[in-house]
Amino acid sequence: MRVQLAELGTGGRGAEERLDELEEAVTAEEPDVSVMVYVRNWFLRTLPALAGAVTTLISDPVVGQLVYQAGDQLALEYDRQFGTQRPESNAPNR
């Protein structure tokens, strides 16, 4: 993704910062779903050609696992925002 941004030259201004924010949000002790939503929406508005790639990064199963491990409330918000679904083995008991 960063290679694609480099190819855009000045057209990718601000995108590197958004990707840094995304990385911090995903790898934080408690992932920040609101930042993930913000970054996705920023790309949708500013660089729509890369929005799909960003959404794919965010909805990656590894990112999902990080969010799911942080707790049920974050997991529910993540699933609601990104159309993902917690794997059955990680879902809370009903």
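Of the 94 residues of this protein, 37% count as buried, where buried means under 20% relative accessible area, exposed over 50%, and partly exposed in between, with a 1.4 Å probe and protein chains only. The model is a predicted one, in which local features need pLDDT of at least 70 and side-chain atom pairs count only at pLDDT 80 or more, while totals for chains, interfaces and linings use all residues. Residues are numbered from 1 along each chain as its sequence is written, and side-chain values use heavy atoms, with hydrogens and water left out.

The protein has 6 helices and 0 strands. Helices (H or I, at least four residues) and strands (E, at least two) are DSSP runs, numbered from the N terminus.

Let me turn to helix α3, residues 33-46. What span should its 14 residues have at 1.5 Å a residue? The expected span is 1.5 Å times one less than the number of residues. For α3 that is 20 Å, and the end C-alpha atoms are 20 Å apart, which agrees.

Val33, Val35, Met36, Val37, Val39, Arg40, Trp42 and Phe43 of α3 are buried. Their cover includes α2 (15-27), α4 (48-58), α5 (61-69) and α6 (72-82).

Next, the nonpolar core. Such a core is a set of buried Ala, Val, Leu, Ile, Met, Phe, Trp, Tyr and Cys residues joined through side-chain atoms within 4.5 Å. In the largest one, of 24 residues, Leu22, Met36, Phe43 and Tyr78 touch the most other members. Two or more residues come from each of α2, α3, α4, α5 and α6; α3 gives the most, with 7 residues.

How do α2 and α3 meet? Their axes, lines fitted to C-alpha atoms over the stretch in contact, with angles from 0 to 180 degrees between N-to-C directions, come within 9 Å and cross at roughly 155 degrees. That makes α2 roughly antiparallel to α3, since angles over 145 degrees count as roughly antiparallel, under 35 as roughly parallel, 65 to 115 as roughly perpendicular and the rest as oblique. Contact, meaning heavy atoms within 4.5 Å, involves residues including Leu22 and Ala25 of α2 and Met36 and Phe43 of α3.

Finally, Tyr78 touches, among others, Val33, Met36, Asp60 and Thr84, not counting residues up to four places away in sequence. Asp60 lies in the loop between α4 and α5 and, at 32% relative accessibility, counts as partly exposed. The C-alpha atoms of Asp60 and Thr84, 24 residues apart along the chain, are separated by 9.3 Å.
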